[in-house]
Amino acid sequence: MATKTITIDTEAYERLKRKKHANESFSQAIKRMIQRPIDFQRWMVSIEKDPLSDKAVDAIERVISDRSSRRNGRRPRGAA
């Protein structure tokens, strides 16, 4: 496995060190905290092979609507 040497300041090092689990390397900690971006094309292919149920789609739309409502200061759908 190839490696790279990076330079970070002391504050960044200390913050990373505090977040790192005892049994993991700094590389593992960084990979855990900074997720790999989603491969949108691969995700779309997987969705096409195994589409979500209508119930799942409704649940996702409800969560998105609720989050948007909270950000805009409105009550979520169905809230009393």
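Reader: How many residues does helix α4 have, and what does α4 reach from its first C-alpha to its last?

Author: This is a predicted model, where local features need pLDDT of at least 70 and side-chain atom pairs count only at pLDDT 80 or more, while totals for chains, interfaces and linings use all residues. Numbering starts from 1 along each chain as its sequence is written, and side-chain values use heavy atoms, with hydrogens and water left out. Helices are DSSP runs (H or I, at least four residues), and strands are DSSP runs too (E, at least two), numbered from the N terminus. The expected span is 1.5 Å times one less than the number of residues. Helix α4, residues 54–71, has 18 residues and reaches 26 Å, close to the 26 Å expected.

Reader: Which residues in α4 are buried?

Author: Buried means under 20% relative accessible area, exposed over 50%, and partly exposed in between (1.4 Å probe, protein chains only). In α4, the buried residues are S65, D66 and S69. Seen down the axis, they fall within an arc of 100 degrees, so they line one face of α4. The arc is taken from the directions from the helix axis to the C-beta atoms. The face turned away from that side carries exposed I64 and R71.

Reader: How do α1 and α2 pack?

Author: Two packed helices are described by the angle between their axes and the distance between the axes. Axes are lines fitted to C-alpha atoms, for helices over the stretch in contact, and angles run from 0 to 180 degrees between N-to-C directions. Here α1 (residues 10–19) and α2 (residues 26–33) pack at about 80 degrees, with axes 10 Å apart. They are therefore roughly perpendicular (65 to 115 degrees).

Reader: Which residues meet there?

Author: Contact means heavy atoms within 4.5 Å. Y13, L16, K17 and K19 in α1 meet F26, A29, I30, R32 and M33 in α2.

How values were computed
Parallel < 35°, antiparallel > 145°, perpendicular 65-115°, else oblique.
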